[in-house]
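Q: Could you take me through the reading of a protein model, one kind of feature after another, with the general idea before the particular case?

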Amino acid sequence: MAAITADTGGRRFVDTVLRARELSILAALIVLVAVTTAVNSSFLSTQGVKDIFLNASILALLAVGQTMVVVTRNIDLSVGSVVGLVAFASGKFVAGHDRNVLLVLVVGMLIGAVCGLVNGVLVSFFKVPALVVTLGTLYVIQGLDYYWAHGQQINAADVPASLLDLGNGSVLGIPYLPLITVVVMVAVGYYLRAYPSGREFYAIGSNPDAARLAGIAIRKRILTAYVVSGVLAGLAGVLWLARFGTVVADAAHGWELKVVSAVVVGGVAIVGGLGSVYGAALGALLLTTIGSVLVVLKVNSFWQDAIAGALLLLAISVDRLLALRVTRALRKRNARHGA
Amino acid sequence: MAPEAPAKASAVRPRVEAPRPLTRFVRWDVIVTALLIVVFLGGAFGTSDFATSDNLSFALDDLSEIALIALPMTLLVVAAEVDLSVASILGLCSALFGALWDAGWAIQMIIPFILVVGVVAGLINGLLVTRLGLPSLAVTIGTMTLYRGLAYVVLGTKAVAEFPQNYADLATKTVPGTPIPYPFALFILLAIVTAIVLHATGLGRSLFAIGAQEEAAFFAGIRVKRIKLLLFVVSGLVSAFAGAVYTLRYGSARADNGLGLELAVIASVLLGGVDFDGGKGTLGGVIAGVLLIGLLRNLLMLRDVATEIQSIVTGLLLIVSVLTPRIAALVRQARRHPRGATPSASS
Amino acid sequence: MSESPPILALKDVCKAFGAVRALQDVSLELWGGEIHALAGENGAGKSTLVKTLAGVHRPDEGQVLLDGRPVEFHGPGDAQQAGVAVIYQEPTLFPDLSVAENIFMGRQPRSKFGRIDRGALRAETAKLFERLGVALDPDRPARGLSIADQQIVEIAKAISRDARVLIMDEPTAALSGNEVARLFTVARTLQDQGCALLFISHRLEEIFDLCQRVTTLRDGRYISTELLDGLTADDLVQRMVGRELDTLYPKQETTIGAPVLKVSRLTREGVFTDVSFEVRSGEIVALAGLVGAGRSEVARAIFGIDRYDAGSVEVGTVELSGGSPTTAMSAGLALVPEDRRQQGLVMEGSIERNIGLTQLRSLRRGPVISRKVERDRAADWAIRLQLKYGRLSDVVGVLSGGNQQKVVLAKWLSTEPSVLIIDEPTRGIDVGTKSEVHRLLSELAGQGLAVLMISSDLPEVLGMADRVLVMHEGRLTAEIPRDEATEETVMAAATGQTRQEDVSGRASSGQRSAGSEATEVTKEDGALGAREPRSRQRAQGGRA
């Protein structure tokens, strides 16, 4: 995150408020890890940590794309189906051939881009509600995927070693997957924060009417957000294949809501205008870590979904209560200083 | 011409008389109803097994849960809210049904119990939305995960079967002398009630006002929060009941029962012409929407079209249902102002 | 001045929305170094004209001329590129972004690789605020700013563009005297720098004070363009309305009865403090004060929209529990709110449904609503209030502002209230309907209704009220009987120039001394309603 010297009290205040969410998730993560390690020291083993990061990477990648969309006061529910489609499609693409890894990635991202483009055009050009449109494309893409797969599956044996290596190998002890996610996250995060056009995504979500009057190219930005979300879903699809090797048609089924959960837990306001990709990625990491913790603590893994849901509710409720308290505090402060 | 208009009212400023909009007659719910008839006739003439009473009652029975839940969902969407947790409540109640049956409870005890659970689940949604002022989309995405998770906690991946035949019959047999299964008959009854509530009572008027302009509704003395809370509770209650129906109909209680059903419900509500932004819609349209989706699925199944295609058709219908009015508006606008920018009748 | 072409001009512009012709053959020329006023009733097409100049709307016919050459703005961005800046009626800020980002959105100072130079961004914003003489933190989010501060940010945004044309669409509606004065200073500085300015206001005195030339529109048609020198306010109103006006304030003498609304020690922390007053039946009590003094907030709290922290509200003999409009209504209260479009009406609902919304219970026949009763009642009120409409099933959104206000009135009067609270009864409605509303209020009071009227329109306050209550910074500072209420006494109390001891309680003994102070105040502030003496050339020199 941009390190800016805090030169005024107001500055510090604003920054604290903005980062409060990232910090509180981080704190929750640390507490969670500490407690779990105290109970079972094997939790913090190299392999354990690696697994968590591997598992979180794909979700975090999707969360980064989803953040761009949600920040503009929209939503992309089709990501899960895009991951499934691309995972299967790229599996078909590589099966029996020794394809270049880069080529596979490009093909996967292209498919994702097309899906994102369709969503983006429908939402930005025809101004139909994003939830409905992406729900529709979710059905359609999923249907296409299932129809194509028709019960077949991709087996690890068909996938070239170079691709599998991408999903499970590492450089300097750091697995590729989280590396890719971090690079993407930092790039998107930096763009959104440091570039004028990046700020426009926030402006659109914060007040669409004002954005129009300010001459912001709303359609273009929303289209971009969807295409980025699609491309990242495509990338995630290929990484899914690389990581698991075996792919059935319903890969990543239901993930769209998992991604939205991660994003919201990560402090991105569902009504747009507020939040960062870092928070969203942390949200993904937290959700994944909880999953692993349950396994380590031998809690019935069935609790995982329930806890994820409760966490999401807790996150938005706390946010809301804080906001209400801030409003009230501001009102009372006004009282003292006079209106 | 309004006969009650004061005679000299228009003397000062000439009244701008817009041509009666054609859209009055080509309303979306009318189109959907027409489409429904076309699909039905097409099915009747094109597919031999379609128009049999066995098949139709099967098709209707298959629609039971979606149809039932679509009723409270319509009220919610008209009031500019949404409940994505309905299928999870259904799943949770189905799981509870199984677990309690396994534990030796009697069915007549189980059903009231799960109905209470449904009410509580709806109450949680409603309180989070009305007390904290959270967007229902976010809240119900959360409770959707939570309730489904609890369903797994209750029953794991087990399936409980073997329910008493008389109850199973209630869920599958038809009302004597008609091709209408009992659950669907109940739907018809509830649909009539809902239609009256929505279109002919003060509550219905309030719902439209809340959906169109919540602040103005509140200023007019409408108890916005209380009404919304009620809607979420009713939605939970109906979903719980649908859970019982689902369990008995399939004779199997599982935690993943009704997975993804919320999307089908919302699809049929929107297909029926209810505006996702609230304030507009008719229950007639929703009923047509529900039936259209049900008949299409049935037809595709009879013609051995892969189930995947059904999902594609549902998705496309959903997109078309929101896209068509948009395109129509754009075309109208383009025709009126060949170079015009945005339509807004500000002074 | 006539050597070079006007900086921005409209030539024979027409614009229609559906069947409504918003502009017909309208021409306008904005010259550098001149502040041009645009006058017209609501619905005359002023806002459409502004949006056409701003590139939001494109004309159906006619041309927009920039430096004498036709241009086509494809969106607000194009107009901004051309140097046109607009301050809209409603502030258009991004609540989640910082004040600095709001001002420079799309034009942020850049450093290497096109990144935002945050240091420069902050510094330039601070410089702008210094120039405007305000102390706002550039880094604070826009969320939570007062309306006046939001308007300041809008002004900073406009001047930061180094615009050649500055359009101000009712920028003063929400500003207090000081802030208006500050805005005018900025406007005159820009004028001296050779900018062309277009100024819209409902307050005619502001037009006469600030502008040199005026263009009048009526019903979307161009009426005239002339120098303001030598023109009187009556001339201008004549052109705007196109007919002679009836006597503006048809105040009837009424017999004033027992207190109906009793408010005592009402407090909402940070908003208003210790507000006590009574309204008697047959009485019109005006609640005056500057915008932001807490008047509407008091009304909201009385009606139960917001909760209050202390105090009580009694209607008749019933003490309200607070926080529930429904109970307030059943006790006999009615509130015609300030914001018609958001709070008063369901804009996409029909006339009859809007009128019926407050008494759904009484429309029932059995458990269901009778459409006939609903329609009959609406028709009845439409006739009583002389509503101009096509069909009762038309959406209220298509009605003019004045007729919309009548629908709101019908909606509330049909609840047969004993107390009517009416917030800005004539804001944004045309002069003709305005006097109809005044006559109606007067009649209702004559029939024994207790009326609490909040108004920022000083002549309206003085013309209609039996008693004037004045608020300043969340407190009631004066209670002035009708025969002692003048612009001076009211303004003095509104700007806080009256000493506390003079008005504590319901005394009016100290009013005379307060009145003499007030003359000074109005001169300094040029505040609300009062005509400012023309010493502005000097004042301007001093500030700039």
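The dialogue below turns to sheets, strands, a helix and aromatic rings in this predicted model.

Q: What holds the strands of a sheet together, and in what order do the 4 strands of the open sheet in chain C lie?
A: In general, strands of a sheet pair through backbone hydrogen bonds, and the pairing is either parallel or antiparallel. In chain C, 4 strands form an open sheet in the order E12-E11-E14-E15, and the pairing is antiparallel. Strand E12 (272-280) and strand E15 (318-319) of chain C each have a single partner strand and stand at the edges, so one side of each is left without a neighbour in the sheet. At the E15 end, strand E14 (residues 310-315) of chain C is joined to E15(C) by 2 bridges, and Val315(C) stands opposite Val318(C) in E15(C).

Q: Which strands does helix H9 of chain C touch where it packs on the sheet?
A: Helix H9 (residues 295-303) of chain C touches strand E11 (259-268), E12 and E14 of chain C, and its direction makes about 70 degrees with that of E12(C).

Q: How should I read the side chains of a strand, and which way do those of E20(C) point?
A: In a regular strand the side chains alternate between the two faces of the sheet. In strand E20 (residues 450-454) of chain C, Ala450(C), Leu452(C) and Ile454(C) point one way, whereas Val451(C) and Met453(C) point the other way, and all are buried. The strand is thus described as mostly covered, with 5 of its 5 residues buried.

Q: Which strands pair with E20(C), and in what sense?
A: Strand E13 (residues 284-289) of chain C runs parallel to E20(C) and is joined to it by 4 bridges, with Met453(C) as the bridge partner of Ala286(C). Strand E19 (residues 419-423) of chain C also pairs with E20(C) in the parallel sense, over 5 bridges, and there Val419(C) stands opposite Ala450(C).

Q: How is a pair of aromatic rings described, and how many such pairs does the structure hold?
A: A pair of aromatic rings is described by the distance of the centres and the angle of the planes. Over all chains, the structure holds 16 aromatic pairs. One of them joins Tyr190(A) and Tyr195(A), which are edge-to-face at 6.2 Å centre to centre, with 75 degrees between the planes. Tyr190(A) counts as partly exposed at 38% relative accessibility, and Tyr195(A) is partly exposed with a relative accessible area of 21%. Another pair is made by Phe303(C) and Trp412(C), whose ring centres are 5.5 Å apart and whose planes stand at 85 degrees, so this pair is edge-to-face. Phe303(C) lies in helix H9 of chain C and Trp412(C) in helix H14 (residues 401-413) of chain C, so that the pair links distant parts of the chain, 109 residues apart.

Q: Are Phe303(C) and Trp412(C) buried or exposed?
A: Phe303(C) is buried, with a relative accessible area of 0%, and Trp412(C) is buried too, with a relative accessible area of 1%; the cut-off for buried is under 20%.

Q: Which residues do ring pairs link into a cluster in chain A, and where do arginines lie over ring faces?
A: Ring pairs link Tyr190(A), Tyr191(A), Tyr195(A) and Phe201(A) into a cluster. As for the arginines, Arg99(A) lies over the face of Phe93(A), at 4.1 Å from the ring centre, and Arg199(A) lies over the face of Tyr202(A), at 4.8 Å from the ring centre.

Methods:
Residues are numbered from 1 along each chain as its sequence is written. Chains are lettered from A and ligands numbered from 1 in the order in which they are written. This is a predicted model: local features need pLDDT of at least 70, side-chain atom pairs count only at pLDDT 80 or more; totals for chains, interfaces and linings use all residues. Side-chain values use heavy atoms; hydrogens and water are left out. Two strands pair if DSSP finds at least two bridges between them. Contact means heavy atoms within 4.5 Å. Axes are lines fitted to C-alpha atoms, for helices over the stretch in contact, and angles run from 0 to 180 degrees between N-to-C directions. Rings of Phe, Tyr and Trp (its six-membered ring) pair if their centres lie within 6.5 Å; planes under 30 degrees apart count as stacked, over 60 as edge-to-face and the rest as tilted. Buried means under 20% relative accessible area, exposed over 50%, partly exposed in between (1.4 Å probe, protein chains only). A charge sits over a ring if NZ of Lys or CZ of Arg is within 6 Å of the ring centre and within 35 degrees of the ring normal.
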